[in-house]
Structures are given as C-alpha cells and as structure tokens.
Amino acid sequence: MSRAHAKAQVTGDDVRRIALALPDTTEKIAWSMPTFRVAGKMFATLPEEETSIAVRCPKEERDELVLAEPDKFWIADHEAMFAWVRVRLSALDTAELKDILADSWRQAAPTRLLDAYPELGLPPTT
C-alpha cells in the first residue's frame with residue numbers, strides 16, 4: 001500500500017478537535033481523564049493514555065459492533081452494565097471518528113440542540 005493510501009493515525013488531539021467542534025461541548029477532567037460533555041452530559045471519554053475513546057452506544061448495537069469488529073470495539077468490564085463502548089483510535093480514520101463522536105453526541109444532547117442543529121440530529125426513522 002502506498003503512503004497516499006495509508007490511513008492517517010487518529011490521535012487524542014483529533015478527538016478533542018472534533019468533539020469540541022460539536023455544539024455546546026466542553027472538556028472536563030474526571031476520573032483522571034478527559035471527558036467531553038454536551039450541555040453538561042457526558043458523551044465521550046479519552047482513557048488509556050489516549051489510545052481509545054469510550055462513547056455512548058445502545059447495548060444492542062454495542063454488542064453487535066463488538067461481535068462484528070472486535071479489533072476496533074470492546075466493552076470495558078466496569079462499563080458492561082452501561083450503554084458505552086470503547087473504540088481503539090488506531091482502528092479509525094478521521095471520518096469514522098467524526099461519525100462515532102457525532103452519534104454519541106446525539107444520544108446525550110438535549111432536544112433543544114438536536115432541533116437547533118438538524119444536520120447533527122437523529123436520523124429520520126423509516
């Protein structure tokens with residue numbers, strides 16, 4: 001594979017830049033790690049020396065993701081009872097990171113923000 005086709009390494013700085021670009025998002029240190037919150041509600045964390053992220057994900061979808069792509073997604077033992085999934089940054093490109101963070105943001109954002117930013121709002125139901 002040529003360098004032009006090589007996937008650029010996603011970093012903690014990319015997570016910060018993309019997360020903080022989402023409306024009403026702030027960064028706050030909690031549990032000795034960066035966390036990202038929309039209107040005060042956490043939607044992402046940057047644990048493990050910033051080599052992964054934890055994001056909101058409905059349990060049914062989370063389990064499917066882990067089964068389908070175990071090299072990319074996993075469930076931390078202490079988060080197993082909650083609707084969160086871990087994602088290895090080394091397995092992502094920037095476009096996928098944006099999608100994952102926006103999806104998690106949507107799950108935490110209040111209705112007023114979803115209404116104010118329809119391009120980030122929940123996908124229409126069919």
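Predicted model: local features only at pLDDT ≥ 70, side-chain atom pairs only at ≥ 80, totals over all residues.
Let's begin with Ala 44, which you will find in strand 3, the stretch covering residues 41–45. Is Ala 44 buried or exposed? Its relative accessibility is 1%, and because buried means under 20%, Ala 44 counts as buried. Which residues from elsewhere in the sequence does Ala 44 contact? Setting aside neighbours within four places, the partners are Thr 35, Phe 36, Ala 54, Val 55, Trp 84 and Leu 101.

Now step back to the interior. In soluble globular proteins, nonpolar side chains tend to be buried together. Here the largest nonpolar core has 28 residues, and the members that touch the most others are Phe 43, Ile 53, Leu 97, Leu 101 and Trp 105. Several elements give two or more residues to this core, including helix 1 (12–21), strand 2 (33–38), strand 4 (52–56) and helix 4 (111–116). The largest share, five residues, belongs to helix 3.

Next come the charged residues. Side chains of opposite charge can pair when their charged atoms come close. How many salt bridges are there? The count comes to 11. In one of them, Arg 86 pairs with Glu 48, with 2.6 Å between the closest N and O atoms. This pair connects distant parts of the chain, as Arg 86 sits in strand 6 and Glu 48 in the loop between strand 3 and strand 4, 38 residues apart. Arg 86 is buried at 2% relative accessibility, whereas Glu 48 is partly exposed at 34%.

Another salt bridge joins Asp 63 and Arg 62, at 3.4 Å from N to O. Asp 63 is partly exposed at 36% relative accessibility, while Arg 62 is buried at 4%.

Finally, look along helix 3, where Asp 103 and Arg 106 lie three residues apart, about one turn of the helix. Their salt bridge has its closest N and O atoms 3.2 Å apart. Asp 103 is partly exposed at 28%, and Arg 106 counts as buried at 16%. Elsewhere, salt bridges with shared partners join Asp 13, Arg 16, Glu 27 and Glu 50 into one network.

Conventions. Residues numbered from 1 in each chain as written. Heavy atoms only, no water. Helix = DSSP H or I, 4+ residues; strand = E, 2+ residues; numbered from the N terminus. Buried < 20%, exposed > 50% of the residue type's maximum accessible area, 1.4 Å probe, protein only. Contact = heavy atoms within 4.5 Å. Core = buried A, V, L, I, M, F, W, Y, C linked by side-chain atoms within 4.5 Å. Salt bridge = Lys/Arg side-chain N within 4 Å of Asp/Glu carboxyl O.
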